Amino acid sequence: MPEIIDLSVALTAGIASDPPGYEPKITYIDHQQSADDVVAFFPGASTEDLPDGEGWAIEKIEASTHTGTHLDAPYHFATTMDDGQRAITIDEVPLEWCFQDGVKLDFRHFDDGYVVTPDDIDAELERIGYKIKPLDIVVINTSAGVRYGAEDYVSKGCGIGREATLHLLRQGVRVTGTDAWSWDAPFVFTAARFAEDGDPSVIWEGHKAGREIGYCHIEKLHNLESLPPFGFRISCFPVKIDAASAGWTRAVAIVEGGGE
C-alpha cells in the first residue's frame, strides 16, 4: 500500500495564517443549536422527536479562496497568460496538472525575504540528483513551513523570483508549491526593496511570471520536511468554484511502497 502524507493545513480561525483582515472566520453550529432548524423541515415534529434531541453539526465559513492550503489559478495573477491569451480560472485548470510526480527543493537555509534565482534551483537539483521533466510538481520547503499560525508566519521564508519561476515553467512545470504564505518573497521585504530603488518589477514578480507562461501554484503547504527530495506523487485537485481565482485543496503526497 502507498504511504499518503498530508501536505495541507487545517482552515483555522483565530490564528495568524494571513495578513490582518484576510483571516478566515468560522461559525460552529452544534447539534443542540440546530435542532429547531432541523425539525422546521418536518411540520408537526418537535426536537423531542430527534434522537437525543440532536440536530446536525454544520459550520459557516467566511473566507477567501486563498485561505488555507489552496491552488492558485493563472487568473489570480493577471487577466492574461501565455503572452496575451485569456487567463484560465480554477474551474478550467487541467486536472492532469494536479496529479503528477513531485520534487522538493529544500530552501530552508535561505534568509527570510531572499529571492530565489535560477542558479539556486539548478544547484539544489544537482545536489539531490534530479532532472526536471514536463508537468512535475515542484514544491519549495522554506523556513515558513513550521511557523504556520505563528505571529511571524506571513513574513517568514524565501520567495521565488520571476526568473526562477520562468526557469521552471520553461522546463514544462505547470504546478509549483510553497509552505509559505506566498510564492513570492514576503511583502514586508519586497516593500523595503521597492522603497530603496523604486523598481516596480519586484512587486509580485514570481506570480506575474504567469503572464508569460500560465501556471498554478499551491500556497500554505505543510509537512514538506517529511518528504524525500523525489520519488512521490502529489495530488492537489482544487475545489471547483465557477470563474474563481483559486480553490482550496487537500494536497497530499503519495509514496508508492511507503506503507505496509
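Predicted model: local features only at pLDDT ≥ 70, side-chain atom pairs only at ≥ 80, totals over all residues.
Local features need pLDDT of at least 70 and side-chain atom pairs count only at pLDDT 80 or more, while totals for chains, interfaces and linings use all residues. Residues are numbered from 1 along each chain as its sequence is written, and side-chain values use heavy atoms, with hydrogens and water left out.

**Pocket and cavity**
- A pocket is an open set of points on a 1 Å grid over the protein atoms alone, with protein on both sides within 12 Å along at least five of seven lines; a cavity is a set of points where a 1.4 Å probe fits but cannot get out, and lining residues have an atom within 4 Å of a point.
- Grid points are joined across faces, edges and corners, and a volume is the space filled by probe spheres set on the points.
- Lining the largest pocket are 15 residues, with Tyr-22, His-66, His-76, Trp-181 and Phe-187 nearest its centre.
- That lining divides into five nonpolar, seven polar and three charged residues (Ala, Val, Leu, Ile, Met, Phe, Trp, Tyr, Cys and Pro are nonpolar; Asp, Glu, Lys and Arg are charged; the others, Gly among them, are polar).
- There is one cavity of 30 Å³ or more, and the largest cavity has a volume of about 30 Å³.
- Around the largest cavity sit Val-115, Ile-160, Asp-184, Ala-185, Thr-190, Arg-193, Val-202 and Glu-205.

**Nonpolar cores**
- A nonpolar core is a set of buried Ala, Val, Leu, Ile, Met, Phe, Trp, Tyr and Cys residues joined through side-chain atoms within 4.5 Å; buried means under 20% relative accessible area, with a 1.4 Å probe and protein chains only.
- The largest such core has 26 residues, and Leu-7, Leu-71, Val-93, Val-175 and Cys-236 have the most contacts inside it.
- Two or more residues each come from β9 (137-141), β12 (216-219), β13 (230-235) and β15 (252-255).
- Apart from it lies another core of 24 residues, including Phe-77, Ile-132, Ile-140 and Ile-213.

**Overall build**
- The protein chain has six helices and 15 strands (DSSP runs numbered from the N terminus: H or I of at least four residues for helices, E of at least two for strands).
- Of its 260 residues, 49% count as buried.
- Along its principal axes, the C-alpha trace spans about 70 × 50 × 35 Å.
- An automatic or database assignment gives domain 1 (25-62) and domain 2 (70-256), whose C-alpha centres lie 41 Å apart.

Technical notes
Buried < 20%, exposed > 50% of the residue type's maximum accessible area, 1.4 Å probe, protein only.
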